[in-house]
Amino acid sequence: MTPPIARFRAGLTEILCLTDGQLDLGTGVFPEADPERVAAVLPEGLKPEVNVHLLRHADGTLDLVDTGCGPTIYAGAGGRLPGLLDGLGIAPAEIDRVIFTHLHGDHAAGALHPDGSPVFPAARLVMHAAEQAFWQGREDTAGGRLLAACSDQVEVVGDGDTLGQGMTTWHLPGHTPGHMGLRFDGGLVLLGDVIHCPELQFPDPDIHTRYDIDPAQGDASRRMALATIAAEGLVFSASHLTGAQKFLRLEVAGDGYRSVAP
Ligand SMILES: [Zn+2]
């Protein structure tokens with residue numbers, strides 16, 4: 001049975017967390033963490049869900065935050081997004097914007113069909129300027145392919161830019177140079193890939209994955225983001241939160257944090 005879609009309302013926007021699939025990344029994702037601790041928390045390795053957030057605004061416009069894996073990468077472990085949108089009565093051509101946290105394949109490959117044509121032909125593709133600059137011309141990557149195929153749809157932003165609908169960009173670099181989250185006036189933040197494993201990284205925010213391009217910068221972004229969420233009492237969601245709870249709050253616990261239901 002398909003699990004129910006987790007929803008949260010921030011101001012005039014309803015945010016739905018759509019799970020595009022689930023990856024099996026195996027062991028070794030956290031190379032510098034204590035191996036016994038990692039094995040205790042993740043005995044079978046990291047198996048993160050891939051979440052896409054659908055934003056339904058009060059004026060009827062629709063944004064997506066990321067696009068999931070699409071059907072071709074990760075051996076078909078993802079690619080459920082189009083079916084989930086269809087189940088909500090939404091055609092891909094109705095999506096007004098796709099706001100990318102970053103352009104790794106599990107976030108960007110779902111924006112192209114296997115033949116290289118755009119899945120969301122009417123959408124503006126919003127991303128941080130540093131993300132576009134990093135992947136431009138690298139057509140051996142999902143991000144590079146997307147930029148080459150959809151250059152006329154791309155719109156770049158900086159840190160703290162307003163996107164309308166009570167949303168502001170939040171540059172959280174390190175995982176990739178232009179990795180960004182989103183802040184909503186209604187007390188919600190979307191964190192992208194600041195977190196891959198809450199059980200490890202909330203107690204110790206300096207634990208990072210081998211996927212971070214600049215791990216030290218990523219650690220600094222994670223510490224800053226988690227401190228902000230806890231201090232301001234914000235609700236957050238993230239691209240790889242796995243299981244039923246997709247919207248959470250944070251409490252300070254020792255040198256780190258623990259998540260609590262909103
Ligand atoms: Zn990811």
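1. Ala 109 is buried, as 26 other C-beta atoms lie within 10 Å of its own, where 20 or more is the cut-off for a buried residue. This is a predicted model, and the points below should be read as descriptions of that model.

2. With neighbours within four places in sequence left aside, the contacts of Ala 109 are Cys 69, Gly 70, Thr 72, Ile 73 and Ala 142. Val 119 is ten residues away from Ala 109 in sequence, and the two C-alpha atoms are 9.9 Å apart in space.

3. Seven strands make up an open sheet with mixed pairing, in the order β1-β2-β3-β4-β5-β6-β7. The edges are taken by β1 (6-10) and β7 (154-157); each has a single partner strand, so one side of each lacks a neighbour in the sheet. From one strand to the next, the twist averages 25 degrees.

4. Within this order, β3 (residues 49-56) and β4 (residues 62-65) are antiparallel and are paired over four bridges. One of the residue pairs to inspect here is Arg 56 with Leu 62, its bridge partner in β4.

5. Which residues of β10 are buried, and which way do they point? Met 180, Leu 182 and Phe 184 point one way, Gly 181 and Arg 183 point the other way, and all are buried. Strand β10 (residues 180-184) thus has five of its five residues buried, so the rest of the structure largely encloses it. Arg 183 is among the buried residues, a point for the reader to check against the side chain in the model.

6. On the β9 side, strand β9 (residues 167-171) pairs with β10 in the antiparallel sense over five bridges. In this pairing Trp 170 stands opposite Gly 181 of β10, and Gly 181 is one of the buried residues.

7. Strand β10 is also joined to β11 (residues 188-190), by three bridges and again in the antiparallel sense.

How values were computed. Residues are numbered from 1 along each chain as its sequence is written. This is a predicted model: local features need pLDDT of at least 70, side-chain atom pairs count only at pLDDT 80 or more; totals for chains, interfaces and linings use all residues. Two strands pair if DSSP finds at least two bridges between them. Helices (H or I, at least four residues) and strands (E, at least two) are DSSP runs, numbered from the N terminus. Axes are lines fitted to C-alpha atoms, for helices over the stretch in contact, and angles run from 0 to 180 degrees between N-to-C directions. A residue is buried if 20 or more other C-beta atoms lie within 10 Å of its own, exposed if 12 or fewer, and partly exposed in between; C-beta atoms are placed from the backbone. Two residues are in contact if their C-beta atoms, placed from the backbone, lie within 7 Å.
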